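Trainee: I have a model open and want to learn how to read it. Can we go feature by feature?

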Amino acid sequence: MKLTYRCASCKKDNYIKTKASDRYGLLMEMGKNEFNHRCKHCGYFTKKHINRLYADDNYMLVFVGFMLSAIATFFLWEFGWVSTLTGAIPLYFWIEMKKKSSAFNGTLVK
């Protein structure tokens, strides 16, 4: 999950690195409702509210799931569990990614 906001000047997406899984955790991490950030594309300095952030999907975790699936296929080929396990690993990573981003986007702070 990547936290994203859109720059008011150049209309491009910027990303914020954080460990928070929801807006309340982000509020506790930052200590205030608003954050100051400089756009990486145009350099425009912006002040945004935490509710203006949205969680974007991070498909790197799904790629890791595909890599784990390939490794599992190599080791479990003889047992016949290949189709079930190979399809379930990336699907699990994708479902968890969607749940986290949906939970973040579904909550707002005052």
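Mentor: We will take strands, hairpins, salt bridges, helices and one surface patch in turn.

Mentor: Two ground rules come before that. This is a predicted model, in which local features need pLDDT of at least 70 and side-chain atom pairs count only at pLDDT 80 or more, while totals for chains, interfaces and linings use all residues. Residues are numbered from 1 along each chain as its sequence is written, and side-chain values use heavy atoms, with hydrogens and water left out.

Trainee: Where does the side chain of Asn14 reach?

Mentor: Asn14 has a relative accessible area of 1%, so it counts as buried. Its side chain reaches the backbone nitrogen of Lys40 at 3.3 Å. The C-alpha atoms of Asn14 and Arg38 are separated by 9.0 Å, and these residues are 24 apart along the chain.

Trainee: How many bridges join strand 1 to strand 2?

Mentor: Start with the rule: two strands pair if DSSP finds at least two bridges between them. Here strand 1 (residues 2–6) and strand 2 are joined by four bridges and run antiparallel. Leu3 has Ile16 as its bridge partner in strand 2. The two strands form a hairpin with six residues between them, and Lys11 takes a positive phi near 65 degrees there.

Trainee: What does the hairpin of strand 3 and strand 4 look like?

Mentor: Five bridges join strand 3 (residues 34–38) to strand 4, and the two run antiparallel. Glu34 stands opposite His49 in strand 4. Six residues lie between the strands, and Gly43 in the turn has a positive phi of about 85 degrees. Strand 4 (residues 45–49) alternates as well.

Trainee: How many salt bridges does the structure hold?

Mentor: Side chains of opposite charge can pair when their charged atoms come close. The cut-off is a side-chain nitrogen of Lys or Arg within 4 Å of a carboxyl oxygen of Asp or Glu. The structure holds four salt bridges. One of them pairs Arg6 with Asp13, with the closest N and O atoms 3.3 Å apart. Arg6 is partly exposed at 42% relative accessibility, and Asp13 is partly exposed at 25%.

Trainee: Which residue forms a salt bridge with Glu34?

Mentor: Lys47 does, with the closest N and O atoms 3.4 Å apart. The pair links distant parts of the chain: Glu34 is in strand 3 and Lys47 in strand 4, 13 residues apart. Glu34 is partly exposed at 34%, while Lys47 is exposed at 58%.

Trainee: What about the salt bridge of Lys98 and Asp57?

Mentor: Their side chains meet at 2.6 Å, N to O. Lys98 lies in helix 3 (residues 82–106) and Asp57 in the loop between strand 5 (54–56) and helix 2 (60–76), so the pair ties together parts that are 41 residues apart in sequence. Lys98 is partly exposed at 30%. Asp57 is buried at 13%.

Trainee: Which residues of helix 1 are buried?

Mentor: In helix 1 (residues 23–30), Arg23, Leu26 and Leu27 are buried. They cover an arc of only 105 degrees around the axis, which puts them on the same side of helix 1. That arc is taken from the directions from the helix axis to the C-beta atoms. Just after helix 1, Gly31 takes a positive phi of about 90 degrees.

Trainee: Which residues make the nonpolar surface patch?

Mentor: Patch residues have over 30% relative accessible area and no salt bridge; like charges are joined within 9 Å, and nonpolar side chains (Val, Leu, Ile, Met, Phe, Trp, Tyr) within 5 Å. Areas come from the Shrake-Rupley method with a 1.4 Å probe, and for residues only the protein chains shown count as cover. The patch here is about 850 Å², made by Met60, Phe63, Val64, Met67, Leu68, Ile71, Phe74 and Phe75. Phe74 lies in helix 2 and is exposed at 64% relative accessibility.

Terms used
Buried means under 20% relative accessible area, exposed over 50%, partly exposed in between (1.4 Å probe, protein chains only). A polar contact is a pair of N or O atoms within 3.5 Å; within protein, one must be able to donate a hydrogen and the other to accept it, and residues adjacent in sequence count only if both atoms are side-chain atoms.
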